[in-house]
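Here is a protein model to read residue by residue. The questions that follow ask what each description rests on.

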Amino acid sequence: MPAQSSAQDDGQRGRGASGSDNRAEGHSGNQLGDWKSGGRQACFPFGAPGGKHGGMLADSVIQQLAQHLHDSRLARRETTRLTEAHPDLDLDAAYRVMRAGIALRTAAGETVVGYKMGLTSKAKREQMNLASPVYGVLTDRMRVPDGGTFRVAGGIHPKVEPEIAFHIARELEGHVSREEALAACDGVCAALEILDSRFAGFKYFSLPDVVADNSSSSHFVLAGEWRSSKGLDLAALSMRMSVDGVMKQSASSNAISGDPVLSLVQLVEMLAAQGEVLPAGSIVLAGAATVAEQLAPGQEVVGEVEGLASVRVRAV
Ligand code: OOG
Ligand code: MG
């Protein structure tokens, strides 16, 4: 079972080199070595917004849109949805914008540590009025240690949602069965995802908009302990999220794609469709089980998943 970061706080003091106030410094980076150690994961095309991926938009436009979202995030400024000015932004082009945005972050020193699935639950799809699951990329800078703090003013209009995370021990590629996906994981834990759309009002945007915006990702918190999934019925775990001791959201883990492991299977398929693999060492957020709750300074948020260690973050 991989070790977890022992950092107690996320070091949110002033603006760092990336300009973000919500930084997860002190992260042990144990996943990062794994990320780099494998074979083909180096192919992940963060540096190449174009390449073999589809879409008719010119690379220069893709780059410009990625830079715009990147700047909006750093300036904590809402922006209009991209499809307003670019109705031809389709899903392929949106993933190119996402990759170009991640390339901007890695160029600024961030390291990719995994992926997040989004809109895997019916509740979330209804909340956002969007039809199908999507994925985004996680970097080390997005991680807040368990029990750490998240500065609300460092974001635009952040929300929090309860999730389950997997730690991938062996590379996964293409069409894999549920059993193969689960066998490649060496740990599961409770997680909280802090979302923050760069788009005005955090609503009424299209699937390409949300994908281009790295699926509204902002930060994530993992419980302090990965556990084996052995003996757990991952499709029937009760999940709860409380704010200041009051239960706000609850669901069974089957709200996540019917089974969070299927969310992982789907991620591997989506990556394969883009010629990519899920590297060993990745953290995967399987998607929220419930709708997200608005975050306000002073709140203490706890995520609980039956059979797993709880996860906590303090909004300041
Ligand atoms: C899109 C991201 C959704 C999830 O877990 O469903 C997501 C959004 O709600 O803005 O992360
Ligand atoms: Mg999420």
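Q: Why is D140 called buried in this predicted model?
A: A residue counts as buried if 20 or more other C-beta atoms lie within 10 Å of its own, and D140 has 23 other C-beta atoms within 10 Å, so D140 is buried. D140 is found in the loop between β2 (134-139) and β3 (143-144), and its C-alpha atom is separated by 6.3 Å from that of E110, 30 residues apart along the chain.

Q: What makes A165 a member that stands out in the largest nonpolar core?
A: This core has 81 residues, and A165, together with A191 and V284, touches the most other members. Leaving aside neighbours within four places in sequence, the contacts of A165 are C189, A191, L222, I283, V284, L285 and A286. The element that gives the most to the core is β6, with eight residues.

Q: Which residues come nearest to ligand 1?
A: Among the 15 residues around ligand 1, those that come nearest are G118, K124, S216, G287 and A288. Two or more residues of this shell are given by each of β1 (112-118), α5 (122-128) and β6 (185-195), and the shell divides into five nonpolar, six polar and four charged residues.

Q: How do you know which stretches call for caution, given the pLDDT?
A: The mean pLDDT of the protein is 86, and 82% of its residues reach 70 or more, but the pLDDT stays under 50 over residues 3-21 and is below 50 over residues 23-54. Where pLDDT is low, the predicted coordinates should not be read in detail.

Notes. Residues numbered from 1 in each chain as written. Chains lettered and ligands numbered in written order. Predicted model: local features only at pLDDT ≥ 70, side-chain atom pairs only at ≥ 80, totals over all residues. Near = placed C-beta within 6 Å. Helix = DSSP H or I, 4+ residues; strand = E, 2+ residues; numbered from the N terminus. Nonpolar A, V, L, I, M, F, W, Y, C, P; charged D, E, K, R; others polar. pLDDT = per-residue confidence, 0-100. Contact = placed C-beta atoms within 7 Å. Core = buried A, V, L, I, M, F, W, Y, C linked by C-beta atoms within 7 Å. Buried ≥ 20, exposed ≤ 12 C-beta atoms within 10 Å, placed from the backbone.
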